[in-house]
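Here are my notes for a colleague who is meeting this structure for the first time. They are set out as numbered points, to be read beside the sequence and the model.

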Amino acid sequence: MTTPLITLDSIRQRYSDRTVLDIEHMEFSEGTITGLAGPNGSGKSTLLRMLAFLEPPAKGTINFLGRPASAKTSVTRQITLLVQEPYLLKRTVFANVAYGLRIRKKNDIPAKVTRALEVVGLDPAVFAKRQWFELSGGEVQRVALAARLVLKPKLLLMDEPTASLDAKSAELIHQAALSARDEYGAALVVASHDMGWLETVTDHIHYLENGRLVRTV
Amino acid sequence: MEYLLEGFRQGFLLLFSGDPEAYSAIWATVYASTLSMFCSLAIGVPLGFLLGYKEFPGKKVVRTIVDTLLSFPTVVIGLVVYAFLTRHGPLGGSGLLFTIPGMAIGQTLLGLPIIIAMTANAVESLDKRLPMTLITLGASSGQMMWATVLEARYSIMLAAMAAYGRIVSEVGISMMVGGNIKWHTRTITTAIALETGKGEFAVGIALGMVLLTVALLVNIGAAGLKKRAVQ
């Protein structure tokens with residue numbers, strides 16, 4: 001039996017005196033796509049932020065490949081999160097996509113950036129030199145996804161990635177996200193209200209309510 | 001009215017004939033302001049960044065002090081620097097009184113609060129999603145700090161322009177610390193004050209036009225940067 005990529009055990013999170021997340025056990029394996037569904041305020045975004053090590057749990061442990069992990073460990077470089085309204089650095093599209101590679105001192109950056117832009121459906125010849133303020137909402141989302149895909153993360157987290165996009169942009173985001181699993185076996189965890197898409201592509205869907213896991217399909 | 005027009009005419013003649021006295025004052029201004037801007041930015045940007053980026057006890061008190069220093073009168077700065085640099089002062093042996101580097105010390109003190117306050121504001125007003133974005137892209141804390149400085153770069157350049165505008169147009173520090181010595185520490189502003197006092201409007205107007213041109217260029221640059229800073 002293979003070790004799950006990331007495992008949550010007895011996770012609790014509280015804001016003030018309100019419990020926002022209460023998960024006994026949850027795990028995500030490489031090469032799988034997991035959907036997170038539930039009404040607003042059910043804890044989906046909190047769970048994703050916790051998986052991205054953006055906020056530590058009040059209680060419980062998070063293991064990455066069987067070892068305890070936290071924001072201070074190097075595993076954070078193997079996990080990335082795309083939110084509904086991502087922020088682009090005040091730089092060109094190329095520099096935005098290349099940022100994560102540069103801080104990792106990777107080689108062959110231009111070719112990798114070009115490939116990532118192609119995966120998200122942006123013509124590198126047209127978009128690479130564009131400034132951050134010259135993009136539409138859908139293009140911003142695709143550049144942000146390219147900036148994450150180019151890092152080849154082991155765990156790609158997506159929080160309502162297509163909620164504010166038109167159908168064409170949403171489809172391109174869907175296709176690009178799936179390529180992360182197909183090309184290098186990333187695990188995807190997607191919070192979305194788009195149940196049609198979740199049911200089509202996910203291996204299973206966790207339904208959350210009031211911070212608790214109520215069922216898995 | 002006629003003597004004013006004559007002043008303008010002679011002012012243009014002085015500038016375009018390369019009058020050595022006028023250009024000596026222009027050179028002294030450029031030298032002192034460049035030196036003080038370099039020091040203000042080298043000290044002020046890191047301090048302003050820390051003030052805007054980090055949370056620490058007493059931060060509000062520090063902000064209030066910095067904001068108060070924004071309206072520090074130039075003659076008071078001149079007085080303080082003079083007191084330090086004069087023969088009997090703590091730095092009397094440095095020989096900096098009545099020199100351009102001495103003037104630059106005073107002008108640095110004038111520019112610092114502007115750079116610190118505006119840099120801190122720039123960092124504080126950056127998009128709240130920036131830290132999360134940098135973390136999710138794998139940035140270390142040092143890389144996050146550097147990326148944050150770069151994100152605030154247009155606002156920091158705006159701060160530099162505001163400081164430059166204040167430094168290049170001040171009289172009090174240049175007069176008190178520099179001593180308004182001809183061919184040496186006489187700047188555009190001290191020359192204007194002196195020549196006007198002597199009734200020599202032409203030199204005053206010529207140098208005034210140089211200052212106005214600098215102010216115009218600073219404002220044109222600032223307008224472009226403001227647009228970029230908010231995008």
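1. Strand β9 covers residues 204-209 of chain A and runs parallel to β3(A), the two being joined by 4 bridges; strands count as paired if DSSP finds at least two bridges between them.

2. The model is a predicted one, in which local features need pLDDT of at least 70 and side-chain atom pairs count only at pLDDT 80 or more, while totals for chains, interfaces and linings use all residues. Residues are numbered from 1 along each chain as its sequence is written, and chains are lettered from A and ligands numbered from 1 in the order in which they are written.

3. Strand β3(A) also pairs in the parallel sense with strand β8 (residues 187-191) of chain A, over 4 bridges, and there A:Thr34 has A:Val189 as its bridge partner. Of the 5 residues of β3(A), which spans 33-37, 5 are buried, a term that requires 20 or more other C-beta atoms within 10 Å of the residue's own, with C-beta atoms placed from the backbone. A:Ile33, A:Gly35 and A:Ala37 point one way from the strand, whereas A:Thr34 and A:Leu36 point the other way.

4. Chain B has 11 helices and 0 strands, and buried residues make up 39% of its 231 residues. Its C-alpha atoms fill a box of roughly 65 × 45 × 25 Å along the principal axes.

5. Within chain B, helix α2 (residues 20-53) and helix α8 (residues 153-168) pack at an angle of about 140 degrees with axes 10 Å apart, the axes being lines fitted to C-alpha atoms over the stretch in contact and the angle running from 0 to 180 degrees between N-to-C directions. That angle makes α2(B) oblique to α8(B), because angles under 35 degrees count as roughly parallel, over 145 as roughly antiparallel, 65 to 115 as roughly perpendicular and the rest as oblique.

6. Residues of α2(B) that meet α8(B) include B:Ser33, B:Met37 and B:Leu41, and those they meet in α8(B) include B:Ala160 and B:Tyr164; contact means C-beta atoms, placed from the backbone, within 7 Å.

7. Between the chains, the contact takes 17 residues from chain A and 14 residues from chain B. On the side of chain B that touches chain A, α6(B) gives the largest share, 5 residues.

Key
A residue is buried if 20 or more other C-beta atoms lie within 10 Å of its own, exposed if 12 or fewer, and partly exposed in between; C-beta atoms are placed from the backbone. Two residues are in contact if their C-beta atoms, placed from the backbone, lie within 7 Å.
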